[in-house]
Amino acid sequence: MTATAVSKTRLGTVTASVSQFGTCVCFERLWRSGQCRGERAAPARAWLPARLPGTCPSPSRSLPRHRAALAAPPCRSSGRRQRPLTPDLSMSGARAPDTPDPEGAGTCPEDVPSLKEIEQLLNTGRPSCNHVDEVWPNLFLGDLVTAHNRFVLWKMGVTHVLNAAHGTSYSHGGQDFYGATIDYYGVPAHDLPSFDISQFFFSAAQFIHNALNTPGAKILVHCAVGVSRSASLVLAYLMINHHLPLVEAIKTVKEHRWISPNRGFLKHLRNLDVQLRQRKDS
């Protein structure tokens, strides 16, 4: 199914059957080279037929190594679905005082990698991904094809959806779309290096945290393709709530899904890494 076909699909309906879900090839390198610009969902993609990727990973597939981090008893749910949170702007747009180099080439602190080193890490591995992957226990990272198919979400057991492309092209999600069975939180981010996604880091991390501490809950974090906007918010969650450095957060997610946040998002994530380190040391 091409992105154009998805954009023409009626609300709540996906023309591809469940058996047609498979692997998607993401043309990130074309976007990086400037051959394709604008919304990340716009370029054409080749949808290769394969198995249904994310009703739940097969039992033989290993889950992230940090399952023990979520082993603590979850907080007791009040039984009432959470409503979307108000974005926390306390850290929005703040630059770390020790990172004057806009390209992130400085050494502050010494163990914080440069922007170039982070990009080299992201460029490793095969540049393709499934429609959806479980990148952390009960945390799924995926695209709009999965997000728009309520039957697949029901099969997966998803109870919360965080849409990092809320209100943008090709995104039809909303609380009215999902109904009372799913808690929805929309982040109106644009996949552009100039967009300040850091203003949503803490509110999105709080929504994910609350979802994963609800007994029996599973959350889907998605955008158009599931490699840039939504991936950035998942990385921020792992950094804020599980105290992973940016490099470790990237490695954790890349064990299960190929991701490629744009350069502007990487700068914000690197600044977040510096801020969290400085807060820990203070």
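**Close-up 1. Helices α8 and α10 side by side.** In this predicted model, helix α8 covers residues 229–241 and helix α10 covers residues 263–281. Helices here are DSSP runs (H or I, at least four residues), and strands are too (E, at least two), numbered from the N terminus. The two axes come within 11 Å and cross at roughly 5°; axes are lines fitted to C-alpha atoms, for helices over the stretch in contact, and angles run from 0 to 180 degrees between N-to-C directions. That makes α8 roughly parallel to α10 (angles under 35 degrees count as roughly parallel, over 145 as roughly antiparallel, 65 to 115 as roughly perpendicular and the rest as oblique). On the α8 side, look for Arg229, Ser232, Leu235, Ala236, Met239 and Ile240, which meet Phe265, Leu269, Leu272, Asp273 and Leu276 in α10. Meeting means contact, with heavy atoms within 4.5 Å. Sorted by type, the residues of this contact are eight nonpolar, one polar and two charged (Ala, Val, Leu, Ile, Met, Phe, Trp, Tyr, Cys and Pro count as nonpolar, Asp, Glu, Lys and Arg as charged, and the others, Gly among them, as polar).

**Close-up 2. Helices α3 and α9.** Here the axes of α3 and α9 come within 11 Å and cross at roughly 10°. The two helices are therefore roughly parallel to each other. Ile118, Leu121 and Leu122 from α3 meet Leu246, Val247, Ile250, Lys251 and Lys254 from α9. This contact splits into six nonpolar, no polar and two charged residues.

Close-up 3. Leaving out residues up to four places away in sequence, Leu233 touches Leu162, Ala164, Val187, Ile197, Phe200, Phe201, Ala204 and Ile208.

*Notes.* Residues are numbered from 1 along each chain as its sequence is written, and side-chain values use heavy atoms, with hydrogens and water left out. Local features need pLDDT of at least 70 and side-chain atom pairs count only at pLDDT 80 or more, while totals for chains, interfaces and linings use all residues.
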